[in-house]
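Open the model in your viewer and keep the sequence panel beside it. The stops below say what to select and what is there.

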Amino acid sequence: MIGRWLKFNAVGGMGIGVQLATLAILKSLLHLDYLAATAGAVEAAILHNFFWHERFTWPNQVRGLWTTRMLKFNLTTGASSLAANLVLMTLLVGNLHIQYLAANFLAIGSGSLLNFVISDRFVFRPG
């Protein structure tokens, strides 16, 4: 379990890079509203993390259709990550006026443990 937790966090660390880079592109280059940019960036990280969790974190537990696991991943950890990020970004950027990348970095870690448990017990649970 500890090894899986470490792998989960390694993938998550890469996902943070994906999310922050996507957020910067969507907000600064494409000039999207910070909440729309956050939603797009979270989804990019979700897709990235799903791909690597399939191949690295839970490779021996992958059974059945990948589309079913992707749907489970998006509807559980993805939905909770999206909700937490949007709520915290509204608070941190909209109300406290913290710079959007710094605020998003703070928001990302809010649901890590919950996402691990959901992924381990539901999304990638052996058949």
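Select α1 and α2: α1 passes α2 in a right-handed crossing, where right-handed means that the near helix is turned clockwise from the far one by less than a right angle, and left-handed anticlockwise. The model is a predicted one, in which local features need pLDDT of at least 70 and side-chain atom pairs count only at pLDDT 80 or more, while totals for chains, interfaces and linings use all residues. Residues are numbered from 1 along each chain as its sequence is written, and side-chain values use heavy atoms, with hydrogens and water left out.

Helices here are DSSP runs (H or I, at least four residues), numbered from the N terminus. The axes of α1 and α2 are 8 Å apart and the helices pack at an angle of about 150°; axes are lines fitted to C-alpha atoms over the stretch in contact, and angles run from 0 to 180 degrees between N-to-C directions. That makes α1 roughly antiparallel to α2, a term for angles over 145 degrees. The contact of α1 with α2 (heavy atoms within 4.5 Å) divides into 15 nonpolar, 10 polar and 3 charged residues. Ala, Val, Leu, Ile, Met, Phe, Trp, Tyr, Cys and Pro count as nonpolar, Asp, Glu, Lys and Arg as charged, and the others, Gly among them, as polar.

Colour F8, V11, G15, Q19, L20, L23 and L26, the buried residues of α1 (buried is under 20% relative accessible area, with a 1.4 Å probe and protein chains only). They pack against α2, α3 (66-95), α4 (100-108) and α5 (112-123). Just after α1, find H31, which takes a positive phi of about 60°.

On the α1 side, select R4, W5, F8 and N9; on the α5 side, S112, L113, N115, F116, S119 and D120 make the contact. By class, this contact has 4 nonpolar, 4 polar and 2 charged residues.

Last, go to H53 in α2 (residues 34-57). Is H53 buried or exposed? H53 is buried, with a relative accessible area of 2%. Leaving aside neighbours within four places in sequence, H53 is in contact with F8, V11, W58, P59, F73 and F124.

Technical notes: Helices (H or I, at least four residues) and strands (E, at least two) are DSSP runs, numbered from the N terminus. Buried means under 20% relative accessible area, exposed over 50%, partly exposed in between (1.4 Å probe, protein chains only). Angles under 35 degrees count as roughly parallel, over 145 as roughly antiparallel, 65 to 115 as roughly perpendicular and the rest as oblique.
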